[in-house]
Amino acid sequence: MRFLAFQLVVSLLNPTLSKSEEDLKATILSALEEATVFLRDSYNEINVDAVMGYRMLQAYLDAVLEKRESQPGSQPARERVARLEEQLSPLIDLVERAVEQNMPDYYGRFAPALGRGFWKIPSRWTQTDPSLSPSLNNGTTGCLSGNISDSCISHLLGTWGDGAEPCFVPDYCPDVMTRLDCAGYSLSHQLFYFMFADMKECSNPLFLDAPYYKQAFCASMKRINVDGERRARLHTFGDLFVENILFCGLSGFSDFYKPRWLKVILNWQKPGKGCFWMYGDQFQSASQNSGESRQGPKRVKRQEKILKDGCASHNTGVAVAALGGFLHYSF
């Protein structure tokens, strides 16, 4: 059903067709409303990744509502956004408290980014420059690892120790965070590091060149997405595909908001459940045959949390945040 509805919005490429724009908003909002029901029903099983994704979504919804006065029109869609935000806000607060209780140590490392108001939505848009994308290293030698990523980010957030000040940059972070030939999650989390610095408004000299690094990272991330799409391999790295869209969209790169990429994300939502699954057949049978949460594929930053009924916590958080970006851009 959602696939058929999406056919109505492919003509978004023609900006004169306002009906198609309204269909686009309605399709995204339907998916987000289903994801909100999933959050309500699974609040005690969600992990840190999902909370962060829903907080990003909340920031996008707030930004859409802020446009109410300056950009009249699309009133039915705006009213629907307002209802969704009203339903979602208390749920995210509830989930955040549950995660704090269930995962206190990990929650503590990222607590500032899990609160309302941390994530700021771009007010200006740009596009990637393909000439800034270097040859990528498909290996991991010298590239960002999960432990280093967590450590560098917690130093930016000021959560790495009692009485720690935010925006501190340890000596081991600059080289690995500015390397330009890494790929995969190492690459996306290099960008993520600079995003945290933006949100905290860090003034370390490293971040004076942030616009250049964001351009270079997102040029490479777009190339990875386009190449995977061209080779029909999106089913093998769906989570990374959507994460690239989320991070670069939130960094102000509008060329990640492609209607065909939106269609891909929508088709990964589980019908009748509202959650998302982007790992193909991997781990699917174990998830469906068990009522227990399972740890899934290892990532550079942390592990996925596989839930019952074919749902994935990190997948869902990344997807709803990316959809929030598409929604905000459509206004």
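**Entry 1: helix H6**

How many residues of H6 are buried? I counted 10 of 12, so the helix is largely enclosed by the rest of the structure. The buried ones include Gly146, Ser149, Asp150, Ser151 and Cys152. Further along H6, Ile153, Ser154, His155, Leu156 and Leu157 are buried too.

Next I checked the length of H6. From first C-alpha to last, its 12 residues reach 16 Å, close to the 16 Å expected at 1.5 Å a residue.

**Entry 2: the disulfides**

I then searched the whole structure for disulfides and got 5. A reminder to myself: such a link is a covalent bond between the sulfur atoms of two cysteines. I numbered the bonded cysteines in sequence order and read the pairing as 1-5, 2-4, 3-6, 7-8, 9-10.

*Cys143 and Cys182.* Their sulfur atoms are 2.0 Å apart and form a disulfide. The angle about the S-S bond is -95°, which I logged as left-handed. Where do the two cysteines lie? Cys143 is in the loop between helix H5 (104–110) and helix H6 (146–157), and Cys182 is in the loop between helix H7 (173–177) and helix H8 (184–200), so the pair ties together parts that are 39 residues apart in sequence. I found both Cys143 and Cys182 buried.

*Cys218 and Cys248.* Here I read 2.2 Å between the sulfur atoms of the disulfide. This link is left-handed, with -105° about the S-S bond. Cys218 belongs to helix H9 (residues 210–230) and Cys248 to helix H10 (residues 238–250), so the pair ties together parts that are 30 residues apart in sequence. Cys218 and Cys248 are both buried.

*Cys275 and Cys311.* A disulfide joins these two, S to S 2.0 Å. I noted -65° about the S-S bond, a left-handed link. Cys275 sits in the loop between helix H11 (259–267) and helix H12 (284–288), while Cys311 is in strand S3 (residues 311–312), so the pair ties together parts that are 36 residues apart in sequence. Are these two buried or exposed? Both Cys275 and Cys311 are buried.

**Entry 3: the whole chain**

Stepping back, I counted 13 helices and 3 strands in the chain. Of its 331 residues, 57% count as buried. I also looked at contacts with a separation of 6 or more: 74% of them are between residues 24 or more positions apart. The chain exposes about 14500 Å², and carbon and sulfur atoms supply 50% of that.

**Entry 4: confidence**

Last, I looked up the pLDDT. Its mean over the chain is 88, and 85% of the residues reach 70 or more. Two stretches went into my notes with a caution. Over residues 3–17 the pLDDT stays under 50, and the model has 22 contacts there beyond four places in sequence. Over residues 285–301 it is also below 50, and this stretch has 53 contacts beyond near neighbours in sequence. Where pLDDT is low, the predicted coordinates should not be read in detail.

Key. Residues numbered from 1 in each chain as written. Predicted model: local features only at pLDDT ≥ 70, side-chain atom pairs only at ≥ 80, totals over all residues. Heavy atoms only, no water. Disulfide = S-S within 2.5 Å. Helix = DSSP H or I, 4+ residues; strand = E, 2+ residues; numbered from the N terminus. Buried < 20%, exposed > 50% of the residue type's maximum accessible area, 1.4 Å probe, protein only. Expected span 1.5 Å × (residues − 1). pLDDT = per-residue confidence, 0-100. Contact = heavy atoms within 4.5 Å. Areas by Shrake-Rupley, 256 points an atom, 1.4 Å probe, with all protein chains shown as cover.
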